[in-house]
Amino acid sequence: MGKFTDGLEKWAKERDKRQKKRRQDASAVELLAVKKDVTEAIEAGYSLKTIWEYLKEGKKIRFTYETFRRHIKRFIKSAPKDQATLAAKNEADDKRDASTPKADKNEPEEKEKPQLPGTGGFKFDAKPNKEDLIYTVGKT
């Protein structure tokens, strides 16, 4: 091999040793680490771009703005707003269930849907009524 390729090969091996492979979900982990701060900033009225720039300059995150927005949508905006409120709601539901009489567990609960007037729906019959069939002209 030539001088150039020998040097390139040595450099490539050293570079591979220096660079650690990032996990595919490293950006999600980084965002979850600052999730509380980001949530507070959003509630305070700061734009996502401003929050991302601040975290990026402070070296708290290392990913792009597009990735930041995707993770915000995934982990903050679609997540339940307040876990304490959900816990209180579940406790209230449990108390309400305890106060109402429960049906026997052996009896299945049957809930009938009310039939709306004029909605008969479609019923398939594999054996059609001969009188209902349309005949072509010329055949009887």
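## A tour of the helices

Select helix H2 to begin: H3 and H5 are among the elements that cover its buried residues. H2 spans residues 26-33. Its buried residues are Ala26, Ser27, Ala28, Glu30 and Leu31. Buried means under 20% relative accessible area, exposed over 50%, and partly exposed in between, with a 1.4 Å probe and protein chains only.

Before moving on, note that this is a predicted model, where local features need pLDDT of at least 70, side-chain atom pairs count only at pLDDT 80 or more, and totals for chains, interfaces and linings use all residues. Residues are numbered from 1 along each chain as its sequence is written, and side-chain values use heavy atoms, with hydrogens and water left out.

**Whole chain.** Zoom out. The protein has 6 helices and 0 strands. Helices (H or I, at least four residues) and strands (E, at least two) are DSSP runs, numbered from the N terminus. Of the 140 residues, 16% are buried.

Colour by pLDDT, the predictor's confidence in each residue, from 0 to 100. The average for the protein is 78, and 64% of the residues score at least 70.

**H3 against H4.** Select residues 35-44 (H3) and 48-57 (H4). The two helices pack at about 145 degrees, with axes 10 Å apart. Axes are lines fitted to C-alpha atoms, for helices over the stretch in contact; angles run from 0 to 180 degrees between N-to-C directions. Show the side chains of Val38, Ala41 and Ile42 on H3, then Leu48, Ile51 and Leu55 on H4: these make the contact. Contact means heavy atoms within 4.5 Å. By class, this contact has 6 nonpolar residues, no polar and no charged ones.

**Leu55.** Stay on this residue. Which residues does Leu55 touch, leaving aside its neighbours within four places in sequence? They are Val34, Val38, Lys60, Ile61 and Phe68.

**The core.** Now select Leu31, Val38, Leu55, Ile61, Phe68 and Ile72, which have the most contacts inside the largest nonpolar core. That core has 16 residues. A nonpolar core is a set of buried Ala, Val, Leu, Ile, Met, Phe, Trp, Tyr and Cys residues joined through side-chain atoms within 4.5 Å. H2, H3, H4 and H5 (65-77) each supply at least two of its residues. Which helix gives the most to this core? H5 does, with 5 residues.

Key: Ala, Val, Leu, Ile, Met, Phe, Trp, Tyr, Cys and Pro count as nonpolar, Asp, Glu, Lys and Arg as charged, and the others, Gly among them, as polar.
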